[in-house]
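Work through the exercises below on charged side-chain pairs. Try each task before you read its solution.

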Amino acid sequence: MIIGDVTGHDLRAAVTMSQLRNMLRGIGCDRQETPGNILRRLDLAHHNLYPHATATCLYGLLGEGEDGTWALEFSSAGHPPPLLITNDGDTRYLTDGHGFLLGVDPHDPRPYATEVLPARSTVLLYTDGLIERRGESLDAGMTRLRQHAAALAREPLETFCDELLTGLAADHADDVAVLAARLPPPPPPRR
């Protein structure tokens, strides 16, 4: 799972984000390393290609373990934290694994975290355009996202995403991207 945002709102920013995303895919496919190391490699490339630009990025690997449990291993370069929404509507931000923006210090080690995720839960990645409002604290926007997502916890994933965008981004001028994954029900008990 990859999401990010380059500083700026023009065509150059969009092209840069596209190039960074493609580089990250290539690095991630080539290297079997932790998300923190993958983001560090991306930051080194970013520093050489775009020395005066900054960007946020969240890189995560969502996978199923041999026991049927699912986990998200992730690292964030200054990006808003993923939101975990359980099937019952409980929500919490996954705040571990957070480091500096891309373009700040490419030699700084990048932290990463692993979160075991409940069955039927939803993991939401999003850009800051979904939560930021002029004249309002970031905490208010993050609370609004949690409340809205909790109310949509049992909706089909397409409806969940559409309703988040309709309810939270319709009147906002900043660009918005969301990426959501819904986990399957728990595996049947072994005999």
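**Salt bridges in a predicted model**

A search of the whole structure, which is a predicted model, finds six salt bridges. The exercises take up some of them.

**Exercise 1.** Decide whether Asp-30 is buried or exposed, and find the distance at which its side chain meets that of Arg-31.

*Solution.* 
1. Take the pair. The side chains of Asp-30 and Arg-31 form a salt bridge, 3.2 Å from N to O.
2. Apply the cut-off. Exposed means over 50% relative accessible area.
3. Asp-30 has 56%, so Asp-30 is exposed.
4. Arg-31 has 35% and is partly exposed.

**Exercise 2.** Classify the accessibility of Arg-41 and of Glu-33.

*Solution.* 
1. Start with the contact. Arg-41 and Glu-33 meet through their side chains in a salt bridge, at 2.8 Å (N to O).
2. Recall the range. Partly exposed lies between the buried limit, under 20%, and the exposed limit, over 50%.
3. Arg-41, at a relative accessible area of 26%, is partly exposed.
4. Glu-33, at 24%, is partly exposed.

**Exercise 3.** Find which strands hold Glu-115 and Arg-92, and how many residues apart in sequence the parts are.

*Solution.* 
1. Check the contact. A salt bridge joins the side chains of Glu-115 and Arg-92, 2.9 Å from N to O.
2. Place the residues. Glu-115 lies in strand β7 (residues 113-117) and Arg-92 in strand β5 (residues 91-93), so the pair ties together parts 23 residues apart in sequence.
3. Glu-115 is buried, with a relative accessible area of 13%. Arg-92 is partly exposed, at 37%.

Terms used:
Residues numbered from 1 in each chain as written. Predicted model: local features only at pLDDT ≥ 70, side-chain atom pairs only at ≥ 80, totals over all residues. Heavy atoms only, no water. Salt bridge = Lys/Arg side-chain N within 4 Å of Asp/Glu carboxyl O. Buried < 20%, exposed > 50% of the residue type's maximum accessible area, 1.4 Å probe, protein only. Helix = DSSP H or I, 4+ residues; strand = E, 2+ residues; numbered from the N terminus.
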